[in-house]
Structures are given as C-alpha cells and as structure tokens.
Amino acid sequence: MPRKTFDFTFVFKITAILSLTLVYVAQWATMIASPSLRTGTDFMAFYAAGRVAHLHGYSNAYNIDLQQEIQEDVVGFPLVQGQVLLYNHIPYLVPLLSSLVSADYVGSFLRWVALLFMIHTMAVILLLRSTKNTSRSALFFGATLFFPFFQSLLLGQDTSFLFLGVVLWVVGMTKKMDWMAGIGLALTSVRPHLCIVLAVPFLFQHRSVFWRFLAVVSVLVLISLLLLEKDGTFEFLTILQISAGGTWHGMHETDMVNLIGLATRLFPFVQSDVARAAGWVGYIAGIIMAVVLWKKEAPYAIKIGVSIILALFFAPHLHYHDLTLLLVPLALLTWNDNRAVYLPLGVSLLLLLLTPLYYVLPYVLYAGLAWLLVKRSSRLTEAMPPNPTG
C-alpha cells in the first residue's frame with residue numbers, strides 16, 4: 001500500500017485562507033461597531049461628497065463648508081476646518097456615491113464596501129482568466145484576500161476602480177485589444193498621478209492605445225465638467241491644490257509607502273517641503289523610466305509589471321491600500337509557473353504578521369517583484385513573446 005505524502009501546499013492554502021478571513025472579519029466588525037473608528041476612515045470623505053451631491057446638487061460636491069456640515073452631523077460635534085476629511089477624488093464617481101449613500105452612515109458604508117468587493121472580485125476573475133496556469137483557486141483566494149485590498153475596504157477607499165482599470169489595461173494589452181486597454185487606462189484616472197505614469201509611455205509607443213485612452217478620458221472630463229459646472233470645478237481644483245500641499249488632515253505623508261514617505265521617515269530632520277519637492281522630481285524621473293522601458297523589446301508582462309512598480313514607488317501620493325496593484329505583477333509571475341500562485345497568500349500573511357516591518361516590506365516587494373520579473377524574462381517570453389514596439 002503506497003504511503004500518502006504530506007501535501008504542504010494544500011495545508012498552507014487552507015491555513016492562510018482561514019487565518020486571513022478570520023482576522024479580516026474581526027477587524028471589520030471592530031471598526032464598524034466603533035463610532036470613532038468608522039467615522040475616522042476615508043469613507044467619511046466619500047460619504048460627505050455623496051450626501052452633499054444628493055442634498056445640494058453635484059456642482060456643490062467639492063464645497064468644503066458643506067462637506068464639513070455633513071461630517072459634523074455624523075460625528076455629532078463641531079470640527080475645525082483642518083479636521084475635515086476632504087473628498088479629493090475624481091468627479092465622475094460622485095453620481096454613484098450620491099445614489100448609494102443616505103442619512104444612515106453605517107448602511108451607506110456597507111453598501112459602498114459591497115460594491116467595491118464585487119468590482120474587485122470581477123477584476124480578479126478577469127485577470128485570472130488571462131493567466132496561463134492550471135492552479136487558479138489559490139490565486140483567486142490570494143487575490144480576494146490580499147492584505148492591501150482589505151485595507152482599502154476597511155478605509156472605504158475606491159481602490160477597486162483603480163484595480164479594475166489596471167486589469168482591463170493588462171488584458172487589453174496582452175490580448176491586443178486596444179480599446180479595452182485604452183478604457184482601462186482611462187479608468188485608472190481615479191488616481192491621476194498613477195494614471196499619468198502608466199499612460200505617458202503610450203504617447204511614444206503603441207499610439208493606437210493612447211488615442212483611445214485620450215478619447216475615453218476626454219469623455220470622463222466632459223462629464224465631470226458638466227456635473228460640477230464653473231464654481232464646482234474651481235472648488236475641485238482648490239481641493240486638489242490643498243491635497244498637493246500634503247498638510248491637510250488625512251494626508252499622512254509619513255505613512256506613505258512611496259519615495260516621499262521613505263524620504264520623510266529616513267530624514268525626519270529635513271523640511272517637508274524639501275522632501276515633497278524631491279518626491280516630485282522623482283515622479284518625473286519615474287515617468288521617464290517608464291517611457292524608456294516601453295521603448296525596449298521585452299514581453300508585455302515585464303513592461304506592465306515594472307511600470308506598475310515604478311508608478312507606485314514614485315507616485316507623489318500613495319498609501320498601503322494602493323498596493324492592491326501589486327496583484328498584477330504577482331499574477332504575471334504565475335504564467336507558466338503554478339508554484340507562484342501561492343505568492344499573494346504568502347505576501348498577505350507577511351504584511352499582516354510582520355507589523356514591525358510595516359513600512360519596510362512594501363519597498364522589499366517593489367524590488368523583489370521587479371527582480372523576479374526580469375529574472376524570469378525567458379519564461380515570460382515563452383508565455384508571451386516580445387511585442388512590436390511600433
């Protein structure tokens with residue numbers, strides 16, 4: 001009678017899935033049950049914008065005073081203006097927020113998170129269908145339970161829209177579907193600073209994708225202008241200017257996992273304006289690196305994966321939940337390599353358990369994933385041959 005071998009990967013998968021699920025449920029329940037915690041999340045800004053739009057019209061969604069009134073009604077006490085969590089996201093999401101939120105803050109939060117989870121799951125399924133491996137269950141659970149994604153749900157952030165856009169771009173590029181790639185890039189405009197890094201290289205290479213991206217973005221900009229009208233547009237630009245300054249409540253530059261955050265933590269004696277200026281210089285350098293990368297002859301898997309890492313590291317504003325995009329290079333590494341499907345689960349466990357290295361691990365991931373993509377270039381070339389650079 002043959003001896004049964006111990007299936008370590010199966011045990012790891014089950015243990016990781018159960019552990020992550022239990023921790024996430026406990027953390028979510030604790031947050032939503034606590035008035036101070038649930039009103040201190042980023043969702044407060046989304047809620048305020050949606051309620052203002054519902055009560056006063058879309059054109060007033062970026063009115064700081066009205067956002068402050070809504071937030072004061074929720075918390076039950078006056079706020080100093082600098083304590084208000086500003087909604088500094090793209091206007092075309094405002095109608096969706098307006099339709100989802102109500103006077104019930106908790107119910108609004110739950111509806112918003114349910115939508116975000118559905119969008120993320122849809123994007124994961126789409127991404128997995130484009131991968132070339134036969135062991136997708138571990139990758140599916142790893143992607144849906146990915147620690148940065150859970151952070152986005154805990155905060156009520158709109159990262160799912162960003163992730164969906166990146167996935168549509170990836171699938172469009174790998175399947176040579178220019179319209180899908182262009183639409184995906186346009187959807188990443190929910191984070192304009194990331195969108196620019198990903199889109200600018202297409203002004204020089206694969207211009208058919210760039211023109212489609214530009215067409216869709218133009219439609220989104222037109223919709224935004226029609227929603228906000230003249231005064232609302234100026235209020236939106238004012239909030240963007242405040243956000244770019246990095247000093248308003250909720251910006252948390254020292255908590256960022258990008259170049260600016262790294263510089264701020266390593267050199268606390270340097271003035272924030274200097275670190276911020278260095279970050280913007282790095283941002284321009286990151287765009288140039290992305291352009292150079294796309295000019296090289298290499299599989300799309302490497303270009304896409306490294307571009308995402310460049311965008312994350314050099315972005316002038318980036319928090320932990322945006323690391324959800326690392327699911328893309330992690331998924332790319334699974335092409336023709338079933339062993340790599342356990343990487344998302346493993347990464348999530350590391351991020352969850354190694355809390356003393358909370359601010360170190362993202363940079364290790366940036367470097368490690370970029371190195372793995374380049375190291376496995378031959379394997380990725382077999383899965384996805386180099387594409388023409390025209």
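Predicted model: local features only at pLDDT ≥ 70, side-chain atom pairs only at ≥ 80, totals over all residues.
Turning to charged pairs, side chains of opposite charge can pair when their charged atoms come close. The count of salt bridges in this model comes to three, and they are set out below.

| Salt bridge | N to O distance |
|---|---|
| D158 and R191 | 2.6 Å |
| R191 and D322 | 3.1 Å |
| D273 and R276 | 2.9 Å |

D158, R191 and D322 are linked in a network of salt bridges. D158 forms its salt bridge with R191 at 2.6 Å between the closest N and O atoms, and this pair links distant parts of the chain, since D158 sits in the loop between α8 and α9 (159-174) while R191 sits in the loop between α10 and α11 (192-199), 33 residues apart. The side chains of R191 and D322 also meet in a salt bridge; D322 lies in the loop between α15 (300-314) and α16 (327-332), so this pair ties together parts that are 131 residues apart in sequence. As for burial, D158 has a relative accessible area of 0% and is therefore buried, R191 is buried with a value of 5%, and D322 is buried as well.

The salt bridge between D273 and R276 is set within a helix, because the two residues are three apart in α14 (residues 272-295) and are thus separated by about one helical turn. Here D273 is exposed, with a relative accessible area of 51%, whereas R276, at 9%, counts as buried.

On the surface, L350, L353, L354, L357, V360 and V364 form a nonpolar patch whose accessible area together is about 510 Å². One of these residues, L357, is found in the loop between α17 (343-353) and α18 (361-375), and L357 is partly exposed, with a relative accessible area of 37%.

Another leucine, L187, belongs to helix α10 (residues 178-187) and is buried, its relative accessible area being 18%. L187 and F161 are 26 residues apart in sequence, and their C-alpha atoms are 7.0 Å apart in space.

Conventions
Residues numbered from 1 in each chain as written. Heavy atoms only, no water. Patch = residues over 30% accessible without salt bridge, like charges linked within 9 Å, V, L, I, M, F, W, Y side chains within 5 Å. Areas by Shrake-Rupley, 256 points an atom, 1.4 Å probe, with all protein chains shown as cover. Salt bridge = Lys/Arg side-chain N within 4 Å of Asp/Glu carboxyl O. Helix = DSSP H or I, 4+ residues; strand = E, 2+ residues; numbered from the N terminus. Buried < 20%, exposed > 50% of the residue type's maximum accessible area, 1.4 Å probe, protein only.
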